[in-house]
Amino acid sequence: MSDIVARFRLDRSGFQLDVDLVLPGRGVTAFFGTSGSGKTTLLRCIAGLERAPEGLLSVLGEVWQDQSTWLAPYRRPLGYVFQEASLFAHLSVMGNLQYGVKRTKSGQLTHFEHIVDLLGIAHLLQRQPQGLSGGERQRVAIARALLINPKILLMDEPLAALDVQRKQDIFPYLERLRDELAIPVLYVSHDHHEVARLADHLVVMEAGQVISNRPMSVAMAQPDQRFQRDEDIGAIIDGQVGAIDMPWHLARMDFPGGGLWMRDHDLPVGKKVRLLILARDVSLARHPPEQSSIQNSLQGHITAILDDTHPGLALVQVRVGTSLLLARLTKRAATALGLQMGESIWVQVKSVALI
Amino acid sequence: MKFIRLLLLGCALLFSLAVHAETMTIAAAADLKFAMDDLIHNFKSTHPNDEIKVVYGSSGNFTTQITQGAPYDVFFSADIGFPRKLAQMKMTASPVIPYAMGRIVLWSATRNASKMSLSSLTDPSITRIAIANPKHAPYGQRAEEALRSAGLWDKVEPKLVYGENIAQTAQFVQTGNAQVGIIALSLAVNPQLASQGGYWLIPDSLHSPMEQAYVITSHGAENPLAHQFVAYMNSTPARAIMTQYGFVLPSVATTK
Amino acid sequence: MMFLSDGDLQSLVLSLELAGSVTAILLLIGTPIAWWLAHSRAWWKVLVSVTVAMPLVLPPSVLGFYLLIAMGPQGPLGMLTHTLGIAPLPFSFAGLLVASVLYALPFMVQPLQNAFEALGDRPLEVAATLRASPLDAFFTVVLPLTWPAFLTAITLSFAHTVGEFGVVLMIGGNLPGITRVASLQIFDHVEALEYAEANHLALMLLLFSFLVLLLVYARQPARRQDGVS
């Protein structure tokens, strides 16, 4: 009931969209794929900007489209952020922000300041869109979409039109959104790093079809060449800062399954973090290591042994608590250790990155 | 030798063509539309190589154009006043020659106008009556005079619509947009119009005489064809054609 | 107006009344047509485009002639007005309105169509995702972003109607106060050799046209942007 069910079939000359999806009703779901894979079209179908003749769409228990129902886009309680910021040129930033608010029944400005703060645009309110930088415009566009109290936020490559520096500027705002918003976000992107940083759930698309639809952690632990490059293969784990060792400048990141020590990033205890643990930085051992330079050791169970990109390599998937980690080792080492599915094993993590 | 003879013959032919092939442009009042076509056709039987162009329109407009140097050689006006004005301005190359007295008729394309009279125009089923614009069209002026003389002007005026010239007036009636019109007799007798409805001749006692006249313009002064055509207008065949189209010729009018 | 006669003044007022009414009607029917032309993907859209553009190339006599026939008692329009119990259209102000609306249609539709096409779908989609119904979005987004085109279309339609002569001549019947517009009045003055009167009225129209075109051309060049940034 609290999910998103989307089933669309759309025929365009030279392109066909054919999807049948159930998506989680919370968190950030990324639609990933190359251009032409149909991810933007799918998002437009969900918004009602594209009308698929055969379609079924229910969002958090409300039917927006089925055989007898068609909710016009302006009747769908959603927020939409386009690739280009698309601010109205004839209105000031304030005018743009208020445009949707005025048209929303529940439109009150109680959370106006909160959202304006969240996106850091308080100092821009009286400006005209033409005078803003690309990053500023996109932040205004996101605020404008959020101010109408949407039940779901759709974002179509909101960073694609920005240069690297602007992307870096705006990313913290997106992460704050992810952490603070209670509504589901559907996020279209063709950038693996964006997706790895933001998504809780991953839908990979190709030629108008869905080829994978899984939680992010599961998707990462079952590497897919279409999604990841070789050197990017690793596990993503959500956790929070559990403790700080001031004298040694270290911080412990806790996640369901244990804790990992890493360099202190001056984050407060309790702060949510997302960790990337590359497969090449993880090794396996039969026994708890003693006197090793590697301080992060965790016990888990082998859940899968997968082929890697090179015939001499294997990827071993290990469940630690409820999290999945990936270890890259040679097949010879795997055979020498006699690794078997379901076995208990010690995981040694050499390096952890915050993303 | 043979070749030279042929060459000479060719030159002679070309020369004779150059001598005889004259061109002329006539500006004619719209009431002459059908009559003038016949006149030219008849005239050309004796002048097969000459080219005659005719422009039909309103006499007032032609007068303006001629004063501005329009290339008309002969001007047939529906009202003698216009060529006289040109004569005063020294823009003519011949005397102003009357050629007919114009007559006006009631005509309808949808009713039998031959059974009508001017008083029929008050019939409520007649909602639109077309006349030429009395402000500048001679036939329109006579139509207004006739209606005033008959004491009908005030009753009929709200129904009037005005054509720019007598041809457009006829066109309003022919398309049925006006049930009745007051047009030139010369147009009403044309078989194409006479086959529809019918006409009733308005007594000429009801309006001032409509003396019609033509003149050779300054532009046509040196054009021999213009002078030949004017001479032809006095010939028996030309007079016969004019009479056939309902024009009352000056000599007849004076003997009356 | 010391040097204009009552008749001249009346014709001038009539011209302005006609042009004003035509422009108002065209705004109502031309805007949706322009909108449809800018957005439709129907194959027969090109036929509508051509039909709308026809008055640009057709001599007024063609339109005038067919309208006179169509509005006549045997014509389809004439039969329609008869059936509906409306007064016949020829020689009436309503008839002039119909003819002038047809004749000025491209001057309203084409500038608007170009503006709508240049604007694109995006501003409307943005408005829709911000809860604006299509009509709401038209008035609060499209109109503010395309008003220069509206100004151009209104000015051109108005001026073109004031400058119209041929069609009015052919179906108007030259009725003072009803169909005798200024351009016709000038023609009558010329035909009656009243050059001074013709000159006065013509001068008025000359000035009017100059000022109108000045308004169109001297305006700031239309903002070149997509409406969203």
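Between which helix and which strand of chain A does the loop that holds A:N149 run? The place of A:N149 is the loop between α4 (134-146) and β7 (152-156) of chain A, where helices (H or I, at least four residues) and strands (E, at least two) are DSSP runs numbered from the N terminus.

## About the model

This is a predicted model, in which local features need pLDDT of at least 70 and side-chain atom pairs count only at pLDDT 80 or more, while totals for chains, interfaces and linings use all residues. Residues are numbered from 1 along each chain as its sequence is written, and chains are lettered from A and ligands numbered from 1 in the order in which they are written.

## Two domains in chain A

Chain A is assigned domain 1 (4-222) and domain 2 (234-354), with bounds that come from an automatic or database domain assignment. Taken over C-alpha atoms, the centres of domain 1 of chain A and domain 2 of chain A are separated by 33 Å.

Eight residues of domain 1 of chain A are in contact with eleven residues of domain 2 of chain A, contact being counted when the C-beta atoms of two residues, placed from the backbone, lie within 7 Å. On the side of domain 1 of chain A that touches domain 2 of chain A, the elements giving two or more residues are α6 (192-198) and α7 (216-221) of chain A, and the largest share, five residues, comes from α7(A). By class, this side of domain 1 of chain A has five nonpolar, one polar and two charged residues; Ala, Val, Leu, Ile, Met, Phe, Trp, Tyr, Cys and Pro count as nonpolar, Asp, Glu, Lys and Arg as charged, and the others, Gly among them, as polar.

## Where chain A touches chain C

The contact between these chains takes 21 residues from chain A and 17 residues from chain C. On the side of chain A that touches chain C, β6 (78-81) and α2 (93-102) of chain A each supply at least two residues, and β6(A) gives the most, with three residues. The residues of this side of chain A divide into 13 nonpolar, six polar and two charged.

Most residues other than glycine have a negative phi. A:N149, however, has a phi near 55°, a positive value in a residue other than glycine, and A:N149 counts as partly exposed because it has 18 C-beta neighbours inside 10 Å.

A:H249 also has a positive phi, near 55°, and lies in the loop between β11 (234-245) and β12 (250-255) of chain A. A:H249 is exposed, with 11 other C-beta atoms within 10 Å. In these terms a residue is buried if 20 or more other C-beta atoms lie within 10 Å of its own, exposed if 12 or fewer, and partly exposed in between, with C-beta atoms placed from the backbone.
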